[in-house]
Protein chains: 2
Amino acid sequence: MVGQVKTGVLWPTEAAVSDVVGRLIEFWGFKRNMGRVWTVLYLSPDPLSAEDLRHALQLSSGAVSMTLSELSRWGVVRRVWIQGERKDFYTAEVQLWRMISRVFNEREKSEVTAAIVSFEEALDSLDRIRKTSSDPSMRARADLQHARITQLLELARLGGRLLDALVSTAKVDAEPLVQFLLGQRP
Amino acid sequence: MVGQVKTGVLWPTEAAVSDVVGRLIEFWGFKRNMGRVWTVLYLSPDPLSAEDLRHALQLSSGAVSMTLSELSRWGVVRRVWIQGERKDFYTAEVQLWRMISRVFNEREKSEVTAAIVSFEEALDSLDRIRKTSSDPSMRARADLQHARITQLLELARLGGRLLDALVSTAKVDAEPLVQFLLGQRP
DNA sequence: CGTGACGTTCAAAACTATTTGAAGGTTCTA
DNA sequence: TAGAACCTTCAAATAGTTTTGAACGTCACG
């Protein structure tokens, strides 16, 4: 019976790994608990209930609930139906690449896109200054800023392409990427 | 004379761009002001003093001082000596790639490295359990966790290689990597 | 020296983000 | 329909981060 997965304490390994992942993920801009909860699920042979997680990680019921729903929204945790159980149970998405590419695609992408738009607007506005201003020093300033913002824009576009590429690579198989990278080494 | 760079207000363009960069950088795990200060310097034709920045961005003297010293520590801003000026002046590193690769190399790299070490330790510890435990269900659990943590480890290593590749590519030109990635598309 | 112009530091204040837990909903069972 | 088990929500509490500005240090100049 699945429910008997002990409501108990984590193995030291589990505690350590979930802590590391928690930090990594926090550094990545998510909440630490998201990383911890995901990891505990990822390392569990069976789906776990909210209560199991609450005990394993010493969280309040509210925290578990909110964390799980955020993780579900990111599609990195799934709710599974278990025969004869009243509670909901959860499992971790095991396809790590799929998980990562979803995050890249939704979160990073939108940041980068927003930046690109702003840079383009700034360039337009500088163009207008260049055309209408008669003050030469202002023109010079506008020129310089135009050039520099163009650099930023190119960088942002490059970042965007990199993300796209990672995401589409990820859908298939990361191996080619790995091979390429290995070939790159000095 | 350089000192006459007006202690004034930013152009709307400058304000907008520095704000966007500030957000992007914040999202990236740095302080927003670091992005803003860097951007104002980056868009300025001449080096600026701490006071100029204070006025431009409405920051306290302490904030400017701390932000500049952090930016210097990251090597993305340089202190320049100006003839006959008492104040210190600052310019932005203009080599964007150099800047980014430094960040990747120092900050991200150390995160990833730390994670790799922990995963390896966890694997060792699971190996010990597999060898010494007589309880078969514990063994099974250890096996599963070993396999999963191995996945995490591989991912972390892949991330590390990706960072290395970006950094070493960056020194020259990022295009090959991007081309490769784009070529990967289905 | 003494003074003023800077730069830096750091404790306290302001602000953000996260977590808690009690209240309230929903669903299932008897 | 009442009650138990569970999940969710959200206002309040807590924790964490960033910013402020006054105090202090340094240096150049008279």
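What follows is a short exchange about a predicted model and the terms used to describe it.

Visitor: How are the parts of this model labelled, and which parts of a prediction count?
Guide: Residues are numbered from 1 along each chain as its sequence is written, while chains are lettered from A and ligands numbered from 1 in the order in which they are written. In this predicted model local features need pLDDT of at least 70 and side-chain atom pairs count only at pLDDT 80 or more, but totals for chains, interfaces and linings use all residues.

Visitor: What makes up chain A?
Guide: Chain A has seven helices and three strands, in the pattern α-α-β-α-α-β-β-α-α-α along the sequence. Helices (H or I, at least four residues) and strands (E, at least two) are DSSP runs, numbered from the N terminus.

Visitor: Why are D52(A), L53(A), A56(A) and L57(A) in helix α3 of chain A called buried?
Guide: A residue is buried if 20 or more other C-beta atoms, placed from the backbone, lie within 10 Å of its own; with 12 or fewer it is exposed, and in between partly exposed. D52(A), L53(A), A56(A) and L57(A), in α3(A) (residues 50-57), are buried. Buried residues make up 33% of the 186 residues in chain A.

Visitor: How do you know that they are on the same side of α3(A)?
Guide: The arc is that of the directions from the helix axis to the C-beta atoms. They cover an arc of only 105° around the axis, which puts them on the same side of α3(A). An α-helix has 3.6 residues a turn, so residues three or four places apart point the same way.

Visitor: What covers the buried residues of α3(A)?
Guide: The cover includes α2 (32-42), β1 (48-49) and α4 (61-73) of chain A.

Visitor: What makes β1 and β2 of chain B edge strands?
Guide: Two strands pair if DSSP finds at least two bridges between them. The open sheet has the order β1-β3-β2 in chain B, with antiparallel pairing. β1 (48-49) and β2 (77-80) of chain B each pair on one side only, and are the edge strands. β2(B) pairs with β3(B) (residues 89-92) over four bridges, and V80(B) stands opposite F89(B).

Visitor: Which residues are closest to DNA strand C?
Guide: A residue is near a strand or molecule if its C-beta atom, placed from the backbone, lies within 6 Å of it. 21 residues surround DNA strand C, the closest being S60(A), G62(A), A63(A), G62(B) and K87(B). α4(B) gives the most to this surface, with six residues.

How values were computed:
Two residues are in contact if their C-beta atoms, placed from the backbone, lie within 7 Å.
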